[in-house]
Number of protein chains: 2
Amino acid sequence: MLSEFDLISRYFTRPARSNIAHIALGVGDDCALLTPTAGMQLAISTDMLVEGRHFFPDTDAFALGHKCLAVNLSDLAAMGARPLAFTLALALPAAREEWLAPFSSGLLALADAHHCELIGGDTTKGPLNICITVFGETAPGQALRRDAAQAGDDIWVSGTLGDARLALAVYRNELAGQLNADLQLGSENFLLAAARMHQPTPRVALGLTLRGIARAAIDISDGLVGDLGHILARSGVGATLAVDSLPAGTILSQQNLDIRRHFTLAGGDDYELCFTAAASQRDAVLAAAQTSATAVTRIGCIDAAQGLRLLDAHNAPLNLQLSSFDHFHTS
Amino acid sequence: MLSEFDLISRYFTRPARSNIAHIALGVGDDCALLTPTAGMQLAISTDMLVEGRHFFPDTDAFALGHKCLAVNLSDLAAMGARPLAFTLALALPAAREEWLAPFSSGLLALADAHHCELIGGDTTKGPLNICITVFGETAPGQALRRDAAQAGDDIWVSGTLGDARLALAVYRNELAGQLNADLQLGSENFLLAAARMHQPTPRVALGLTLRGIARAAIDISDGLVGDLGHILARSGVGATLAVDSLPAGTILSQQNLDIRRHFTLAGGDDYELCFTAAASQRDAVLAAAQTSATAVTRIGCIDAAQGLRLLDAHNAPLNLQLSSFDHFHTS
């Protein structure tokens, strides 16, 4: 078996790249040294992924490497921050090369795509646990915060929602008899939905182009209703959502109305951006979407009145029982 | 049981403190926002502590909270960086208030002592795992790196070595019959040694005063020989150590010579600083030690010739079989 130092050297250390001006010192010392661009703020986020909780024990290691960094980049996207670097702490039951090689490939491929450098970390023996802390930068006052929504703002969402949750339902054998017949483990439609679950796309480019256009933003990890709820709570406002205008994922669009509504509203694992912008910014939002090649959909509006109101396609109130994802309340 | 959000709010969110100029946004958004002092570099380190690996399942939660941050602050100390802030990711089997309350107290007491703010984190259900990423700052060119040792440098160590390892030996019932009779579970001497294991003191003040005086530095987490070995490897030099001049811990000093030698050289969990400085800096090093109220001992010198030479009190070569701590090779 590889030693800890061999492991770091083989899979997580790469030749220094001289074109990365802000990394003064990378992997291999007590600390990494990062030189932020003068005048910029650092945006910092950390996410911990636990086997059996955030991913199945047999999850493909390449996809898992991608996902661990993607969920962190998604947090930078939700602040409108440009990725700079990240640290990786890894507890592993054993240092198996057949797992480490694809895991580091998936991780570093996404890192390279976003010019986000691995600058340090820790490895230890233990139940599989992956903790990444990511660093980005943004100009002071430009970050897209949760507390900035204002009554009258449009609410927007990027991409589509719910396919990841739909894949999870298939894995768990939930909703027996309610799903379309062509959605079962191993089917083509299932694999398309599962790809959304296993390899989410962080909306970094959209987040960057929305600076100065959007007001509040959050990434949707625990379900739209729960995550939008954080914006509402911190901004001291309410909202109305046009439920049947929510952009369902390709495979979710083929399921019945009840499943569509539940999984777009409270699916989890979407890693799309939910953001608000003044109604006067509609054209600017659409232009930002085009610039960043990311679809956006207007799904509702921010209200001065507290609470969340759900409307159907006829603007009639919908009363749905939803539960957002909470790591200490759901199984 | 507490929900994830209640847990964060109750134990890990504190009122914003307006005197902390570099924290632009703390816990509660997608990212924290940190404003580094203009012209400074950020020093970043991450450490993951796993139950059963880095601490016993019944470890006192207050001490554990202290230790998790202490080992990270120790990395900042070893770079000569001033602590600014940290993130905490926590996997817990259950959100038990009787554990969370003392854990957060121990953690935040040490954080306050070093003006190091908790700015973000993650909580999830899972086997107990604590991952902290810490941020400090240092002026460009002033960081104490591992690759800066030069032949002729003195080698120094702070504080004392080996008491933490001695406590571990008692817990594990190692060395039966070789330890002094007054060193057993629960004895006063044992408790003194165990305090070094459970609540290490990060040498932050010493690290700061050594900037411009020391050349290379590292913190001793895996044992002096192993950690000094990283300085030697990265600096392309060798070293000679006066083994019997190593500062043994108060309790270790009372044990036999063989145990003293092994546990000062390869004990682990000391969290003292090992650093090198030009011989012309001896007075400056002693002055820095006095300023920071931290004892230091000169223990050897850096050689141009590769390899590590161990000498006894009569300058005769010692041939000891030592094994440094490696998370994937030892149990």
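Begin with the largest cavity, which has a volume of about 60 Å³. A cavity here is a set of points, on a 1 Å grid over the protein atoms alone, where a 1.4 Å probe fits but cannot get out; points are joined across faces, edges and corners, and the volume is the space filled by probe spheres set on them. Counting cavities of 30 Å³ or more gives one.

Before you click on: this is a predicted model, where local features need pLDDT of at least 70 and side-chain atom pairs count only at pLDDT 80 or more, while totals for chains, interfaces and linings use all residues. Residues are numbered from 1 along each chain as its sequence is written, chains are lettered from A and ligands numbered from 1 in the order in which they are written, and side-chain values use heavy atoms, with hydrogens and water left out.

Now select B:His54, B:Phe55, B:Phe56, B:Thr59, B:Ala63, B:Leu64, B:Lys67, B:Met197 and B:His198: they line the largest cavity, each having an atom within 4 Å of a point. Which helix gives the most to this lining? That is H2(B), with three residues; helix H5 (188-198) of chain B also supplies at least two. Helices (H or I, at least four residues) and strands (E, at least two) are DSSP runs numbered from the N terminus. By class the lining has five nonpolar, three polar and one charged residues, where Ala, Val, Leu, Ile, Met, Phe, Trp, Tyr, Cys and Pro count as nonpolar, Asp, Glu, Lys and Arg as charged, and the others, Gly among them, as polar.

Next, show the strands in the order E1(A)-E2(A)-E3(B)-E6(B)-E4(B)-E5(B): an open sheet of six with mixed pairing, two strands being paired if DSSP finds at least two bridges between them. E1 (23-25) of chain A and E5 (117-125) of chain B stand at the edges with a single partner strand each, so one side of each has no neighbour in the sheet. Neighbouring strands are turned by 20 degrees against each other on average, direction ignored; axes are lines fitted to C-alpha atoms, for helices over the stretch in contact, and angles run from 0 to 180 degrees between N-to-C directions.

Zoom in on E4 (residues 82-92) of chain B, which pairs with E5(B) in the parallel sense over eight bridges. Click B:Ala85 and you'll find B:Glu117 of E5(B) opposite. Then bring back H2 (residues 61-79) of chain B, which packs on this sheet and touches E1 and E2 of chain A as well as E3, E4 and E6 of chain B; contact means heavy atoms within 4.5 Å. The direction of H2(B) makes about 35 degrees with that of E6(B).

Hop to the other open sheet, ordered E5(A)-E4(A)-E6(A)-E3(A)-E2(B)-E1(B), again six strands with mixed pairing. Eight bridges join E4 (residues 82-92) of chain A to E5(A), and the two run parallel. Here A:Ala91 faces A:Thr124 in E5(A). Helix H3 (residues 97-113) of chain A packs on the sheet, touching E4, E5 and E6 of chain A, with its direction at about 165 degrees to that of E4(A).

Last stop: the aromatics, with nine pairs over all chains. Rings of Phe, Tyr and Trp (its six-membered ring) pair if their centres lie within 6.5 Å; planes under 30 degrees apart count as stacked, over 60 as edge-to-face and the rest as tilted. Select A:Phe56 and A:Tyr171: their centres are 4.8 Å apart and their planes at 55 degrees, so the pair is tilted.

Conventions:
On a 1 Å grid over the protein atoms alone, a cavity is a set of points where a 1.4 Å probe fits but cannot get out, and a pocket is an open set with protein on both sides within 12 Å along at least five of seven lines; lining residues have an atom within 4 Å of a point.
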